[in-house]
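Biologist: I would like to go through this structure feature by feature. Please give the general idea each time, then the case at hand.

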Amino acid sequence: MANKAVFLDRDRTLIEDPGYLSAPEAVKLLPGVDLALKSLAGAGFKIVVVTNQSGIARGLLTEETLEKIHGELRRQLAAGGAHVDAIHYCPFHPEGTVEQYAKESELRKPRPGMLLQAAEELDIDLSRSWMVGDSPRDVEAGYRAGCRTIRVRIPDASPTVGQESDESVQADFTVRNLVEAARLIIRQADAAPAAAPTAAPAASPRPNGREEDLMHDSEVRREILRYVRHLARAGQHEEFSFLKLAGGIAQILALLALLNVFWRLLSEAPAQQTVVWALIAVFLQTFALSLFVLHRNR
Ligand SMILES: [Mg+2]
């Protein structure tokens with residue numbers, strides 16, 4: 001049986017993006033990336049990084065430097081117990097200044113070449129695989145390869161513009177980070193293993209892309225639970241109602257009537273009046289209890 005994979009964009013999906021990353025020392029994993037990759041690997045997914053590296057065509061870094069950068073990326077992941085199975089990059093760009101790289105390439109996202117290449121090498125079933133990235137061109141590349149797609153939108157970060165890509169191709173899901181993406185992928189794999197999309201003709205936009213802001217981060221869940229408990233507590237303090245007030249008044253009157261009965265018994269008042277006051281006390285007590293029961297059951 002062919003493998004399933006998660007294809008990952010690199011910058012702003014796995015690591016921070018300082019612009020054209022050109023030194024290994026600048027590699028900085030985004031929070032939770034190692035955990036996300038470990039859980040995906042544990043769920044049986046191959047992990048493949050697919051990254052456009054037009055900086056090579058522009059003469060900003062060499063393939064040797066890029067290898068060192070990716071060595072540092074692998075080292076940092078390994079320190080957290082995570083790994084990637086392959087890293088594919090596209091060094092080409094038509095406006096490049098380094099002659100050997102200055103050309104169009106099928107590898108460059110939003111084209112799906114890197115995903116197709118990796119699928120060939122690692123025996124990957126693309127219809128059971130996912131593409132995760134922050135940019136519209138990541139989404140389009142995944143879609144064109146026949147994968148399901150997740151767009152990472154980092155809160156408070158400037159949105160990634162859709163360079164060279166068709167903005168009408170929407171991601172199947174939108175999340176805030178790779179941890180959420182991993183949870184979503186694993187949940188979907190558990191829920192519907194056969195729900196694979198069929199590969200559509202290249203570049204035809206998906207008509208009803210579904211976006212879903214996933215609020216299943218445990219931190220958020222805890223926060224919601226805390227808030228609900230706070231509301232419940234506040235509710236307990238704000239149980240004032242007319243029924244409760246009337247019940248309280250009736251209860252006080254019942255006690256006063258009872259005291260009156262005792263006083264009459266001690267002062268040898270006429271028995272008939274004492275009996276009347278005793279009946280009044282019983283009535284008031286019953287009335288008070290009825291009001292309390294009504295209040296509790298409303
Ligand atoms: Mg990116």
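Modeller: We can begin with the core. A nonpolar core is a set of buried Ala, Val, Leu, Ile, Met, Phe, Trp, Tyr and Cys residues joined through side-chain atoms within 4.5 Å. Buried means under 20% relative accessible area, exposed means over 50%, and partly exposed lies in between (1.4 Å probe, protein chains only). Here the largest such core has 57 residues, and the members with the most contacts inside it are Phe-7, Leu-14, Leu-37, Val-132, Ile-150 and Leu-178. Helix α6 (residues 178-191) gives the largest share of this core, six residues. Helices (H or I, at least four residues) and strands (E, at least two) are DSSP runs, numbered from the N terminus.

Biologist: What should I know about the model and its numbering?

Modeller: This is a predicted model, in which local features need pLDDT of at least 70 and side-chain atom pairs count only at pLDDT 80 or more, while totals for chains, interfaces and linings use all residues. Residues are numbered from 1 along each chain as its sequence is written, and side-chain values use heavy atoms, with hydrogens and water left out.

Biologist: Which residues is Ile-150 in contact with, leaving aside its neighbours within four places in sequence?

Modeller: Contact means heavy atoms within 4.5 Å. With those neighbours left aside, the partners of Ile-150 include Trp-130, Val-132, Phe-173, Val-175, Leu-184 and Ile-185. Leu-30, in the loop between β1 (4-8) and α1 (33-42), touches Arg-12, Thr-13, Leu-14, Ile-15 and Glu-16, not counting residues up to four places away in sequence.

Biologist: How is a pair of aromatic rings described?

Modeller: By the distance of the centres and the angle of the planes. Rings of Phe, Tyr and Trp (its six-membered ring) pair if their centres lie within 6.5 Å; planes under 30 degrees apart count as stacked, over 60 as edge-to-face and the rest as tilted. The count by this rule is three aromatic pairs. In one of them, Trp-130 and Phe-173 have ring centres 6.1 Å apart and planes at 35°, so the pair is tilted. This pair links distant parts of the chain, with Trp-130 in strand β4 (residues 130-133) and Phe-173 in strand β6 (residues 173-175), 43 residues apart. Both Trp-130 and Phe-173 are buried.

Biologist: Why is the pair of Phe-283 and Phe-287 stacked?

Modeller: The ring centres of Phe-283 and Phe-287 are 6.1 Å apart and the planes stand at 5°, so the pair counts as stacked. The two are four residues apart in helix α9 (residues 271-297), so about one helical turn separates them. Phe-283 is exposed, with a relative accessible area of 56%, and Phe-287 is partly exposed, at 40%.

Biologist: How many salt bridges does a search of the whole structure find?

Modeller: A salt bridge is a side-chain nitrogen of Lys or Arg within 4 Å of a carboxyl oxygen of Asp or Glu. The search finds ten. One of them joins Lys-109 and Asp-138, whose closest N and O atoms are 2.8 Å apart. Lys-109 lies in the loop between β3 (86-90) and α4 (113-122) and Asp-138 in helix α5 (residues 136-145), so this pair links distant parts of the chain, 29 residues apart.
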